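Dear colleague,

Please find the structure below, handed over for your study. The findings follow directly after it.

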Amino acid sequence: MQAMFRASIGRACAVTTPRVLLLLLLTAALAACKTEQKPDAPSVLGRPAPIAYLGAEYYYNFGGDGGEGILDYSLSNAPSWLALEDTSNKARQGIIMRGVPGVSGGNRGTADLGNYTNITLVANDGRRSGQQSFDIQVRENRLSLDSTPFIEGESFDPPANAGLDGVCESPDLDELGSHSFTVNTYNDDGEVIGSEDLTLPTNPVYVRVLLERPSVTEIKVAFQLESDYNPEACDQGDFNPPHQRCDFSNTNRERAILGRDIVALGSDSESTLPVPDYLVYQEDEEGFLTRGVITLAPGIAECYIRLEVINDNFAEPTKFFRIALTEVRSGLAALSSNQAPVRQGLRIEDNAPTVRFETLAGFSSDAINDQATETYRAVLSGAREQAYRVRLGRGNTSTAIFGMDQDYFIEVEDNGGWVPGDELVFPPDTDEVMFRVTAENRVVREGLLNDKLAVITVNERYQDGRPFYAARGDQGLRLHINDFTDPRVFPVDFVATDMVVGETGRIFVVGYQPDDRLVAFSVFERDGSPMAGMERVVIDDATLAEGMEPKAAFVLRSVNVGADQNITRRELAISWSTDAAFAGHANAGGSDVAVAKYRRDGAELSYTELWVKQSGTAGDDLVRAVALDGAGNVYVAGETTGAWPQRTHRGGMDSFLQRIDTENTAEGPAGLIAWTQQVGTGLDEQVRGLGLVSGGGMVLGNTRGQMGDDPQLGGVDMFFYNGTAADNVSNLRQVGTSGDDVVQQGAYIGERIWLLGNAQARYRRELTETQGAGQASALRRAAQDSQAGFLLNYRTPAVLEGALTLNDADDQFNQFFSRLTAFDGDLVVGGRTQGVFSPEGGLAGAHQAIYARVAASGDDDGLMELWRIQRDEADSDVRALSFYRDAKIVALVSVGPEANRSYRLDVLNGEGRLLNPPAP
């Protein structure tokens, strides 16, 4: 630190004038001199640094101010190591105070550590003096380590600041090293059957050694590599060292092996990686160079320990180890406060080729029927020059048993045929290999709540320590052995209108009986068989209004029932519009809202009615959607021509959202209306979806008016808003184009708004650059010859993320999409077509059910179609969609003309393959 100072200026006056003016000027000069003041007292400028480091130079360049003449300086109460280089600044220049704790003043070493208080600098001009007092704390000059993770097969670039003032020159990093060592070899059971000598290339890396301050002394520090690897630490079971399950036990798998994964200097490296002068490498007990001494010359505060990562051909997890500075051999430097070694944790990330498993369409999950055989693909990624193998294994989450005469077995290709096996071979020029899985489902698993799951992955425990086996690249291929293999057709006296998949794959189907229009529902087990006592449940007095459809929702939640005891609660909500009245209820006018809630707790065998609730306005209240939140509250959304209590009817059809809670009364649980929101324009709104948001619900639909602050864009726009009790209505947005954008179903999934509809137009997302705001997006549409489906994806508040048009290839036939569901991170949509939507379809003029799977993409439209299918069945249509464990798509399908229509449940896998086809 250098203090700023200024020289004092003399203030004496001098008078030199011609004789004729002497008296006049002398009078004026004397008058001026009478105003002159005395010089300021001397003062020391600035304050020295409060911290000094043992062995590091401490200096302070200070100055003074004031006084009448030359300032002399002195230092009092100073430590022995601190002194002034000069005591006078004759030319008013700075004075340097300098010292080296532990060195100057008698080489006292660590005896100079500590606090020095009230050290005083005094400035004196011979008459007066000024002073500055300060304190100094002398600390140890600590060493530390720093590094970034190592990647097998990759060398470090030279340090950017190597060779600069105070920094060592970079060690040689441009060439590869070489190292020789011996490994165990194993039989199929993991027993050691021999050993193999290997010589492998190494990649140089480094760890930075840092000193807090450059020292005036030479620092020598011992270092060593450390690992917790212990070949005696075996897995539980009948394993004794030496054994694969000891060398690579659960305890050891992520621990680096010194001399095999990492060395300080390879056994054959010095010719290509010469050792810098400041490093000396030493052997450990095994004869590997894993320790040594680093020398930091005087003035050096950063230096480098070069290590070598062995580039082997074994698939390994990330390996962990440490480097430690263990002892200061010479010089004034310190390790830690208690002189314990300084340690830095390090890791080595593997570079072995990785394998992933997928369906032929590229998906990571599938559903397969019992006794069926399907082909799958293994894909190898990563650089290699030789053949690699993969031993297939069973993932930890599997519930299916692997093996012949078990739940499933695997076949691999062999000379053009298929043979049972579990090992895949990838020749050097081949990155994809096929294998087959056959489901047998022969192991009885009593009480199994879900389909058996086979997770096919890498058998890492077999591959550990074996060369040229690929590493696991993902979580494995999830194969669900489907139990629902037979068609489930409903009798003609039941019109199915909605469906949802609940716990353990149970399927809840709601509808009504056409003869008496009573609302009813059925519950099916995951194999399609009726749940005991729930094949047809008719709700008393539940008359359905003409033209309306009952809707269903399900929730599974954990509920505390006291004494720290939780039970599993399963709840079903059914809502519809009725123009009649339940017992104990009155019709408010026109069509009312009706809700029935059912519950099954813990080990109960069936669902029982909890309560029914009827409410309404003086107009028609039309139910379009229902939902259940995590607290069991019921949300109902729809349209009304009346006004709900404390709400205003805007005209035509308004939208509404209502929350109904469960309250305990003397007569038992009952439905309680918590609040109702009503939003509309002077024209008609149509509600087409309901999602759950924090504290409320999101309503989605169509409008012909202006809903909020957003302008009306076309004849029919799309809207969405959040309704809650706290803030009434929020995020009210209106989106669309200048045409009629008619939504058939909306949903809020994964914090994204999805709108599915139909139009005789092609929809796309247009990306534009907005000045100062980055990239923006806008919805665009262009006319086309036939009606197609459209799918839009918005991020709240109303940012268009994607737009996709679902049309036939030649734009000749009309498509009508009306249903959607989330599925394994994507979306599946369904509806019907009048022509050829997919290559396998085509009954011109007859409606056929169609499906498509859609995913987010990075292209301009933001969405991409993954597949589409068409059922070769006349007069079929998709009426509802749900999913089971992201493995199966469940569809409620209608078949036949309206006068003779039937309903059934179809189960499809993630690629759209029907898993429960009708008997041929």
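Cys 246 is buried, with a relative accessible area of 0%; here buried means under 20% relative accessible area, exposed means over 50%, and partly exposed lies in between (1.4 Å probe, protein chains only). Cys 246 forms a disulfide with Cys 234, and their sulfur atoms are 1.9 Å apart. A disulfide is a pair of cysteine sulfur atoms within 2.5 Å. The torsion about the S-S bond of Cys 234 and Cys 246 is about 100°, so this disulfide is right-handed. The pair links distant parts of the chain, 12 residues apart: Cys 234 lies in the loop between strand E13 (219-226) and helix H2 (244-247), while Cys 246 lies in helix H2. Helices (H or I, at least four residues) and strands (E, at least two) are DSSP runs, numbered from the N terminus. At 23% relative accessibility, Cys 234 counts as partly exposed.

Please note that this is a predicted model, in which local features need pLDDT of at least 70 and side-chain atom pairs count only at pLDDT 80 or more, whereas totals for chains, interfaces and linings use all residues. Residues are numbered from 1 along each chain as its sequence is written, and side-chain values use heavy atoms, with hydrogens and water left out.

How many disulfides does the structure hold? There are two. Besides the pair already described, Cys 168 and Cys 303 form a disulfide, with 2.1 Å between their sulfur atoms. The link of Cys 168 and Cys 303 is left-handed, with -100° about the S-S bond. This pair also links distant parts of the chain, 135 residues apart: Cys 168 is in the loop between strand E10 (150-151) and strand E11 (177-186), and Cys 303 is in strand E17 (residues 302-310). Is Cys 303 buried or exposed? Cys 303 is buried, with a relative accessible area of 0%, and Cys 168 counts as buried at 6% relative accessibility. If the bonded cysteines of the protein chain are numbered in sequence order, the pairing is 1-4, 2-3.

The next topic is charge pairing. Side chains of opposite charge can pair when their charged atoms come close. A salt bridge is a side-chain nitrogen of Lys or Arg within 4 Å of a carboxyl oxygen of Asp or Glu, and the structure holds 64 salt bridges.

One of them joins Arg 913 and Asp 366, with the closest N and O atoms 3.8 Å apart. Arg 913 lies in the segment after strand E58 (902-909) and Asp 366 in strand E21 (residues 365-369), so the pair ties together parts that are 547 residues apart in sequence. Asp 366 is buried, with a relative accessible area of 1%, whereas Arg 913 is partly exposed at 27%.

Another salt bridge is formed by Arg 733 and Asp 710, the closest N and O atoms being 2.7 Å apart. Here too the pair links distant parts of the chain, 23 residues apart, with Arg 733 in strand E47 (residues 729-735) and Asp 710 in the loop between strand E45 (696-703) and strand E46 (717-724). Arg 733 is partly exposed, with a relative accessible area of 25%, and Asp 710 is buried, with 15%. Salt bridges that share partners also join Asp 235, Arg 245, Arg 253, Arg 461 and Asp 464 into one network.

A further salt bridge pairs Glu 349 with Arg 347, with 3.3 Å between the closest N and O atoms. Glu 349 is partly exposed, with a relative accessible area of 25%, and Arg 347 is partly exposed, with 34%.

Finally, I turn to the sheets. Two strands pair if DSSP finds at least two bridges between them. An open sheet of four strands runs in the order E1-E3-E6-E5, with antiparallel pairing. Strand E1 (43-45) and strand E5 (82-84) stand at the edges with a single partner strand each, so one side of each is left without a neighbour in the sheet. Strand E3 (residues 58-65) and strand E6 (residues 95-99) pair in the antiparallel sense over five bridges. Within this pairing, Asn 61 has Ile 96 in E6 as its bridge partner.

Four strands also form an open sheet in the order E2-E8-E7-E4, where the pairing is mixed. The edge strands are strand E2 (51-53) and strand E4 (72-76), each of which pairs on one side only. E4 pairs with strand E7 (residues 114-124) in the antiparallel sense over five bridges, and Leu 75 stands opposite Leu 121 in E7.

With kind regards
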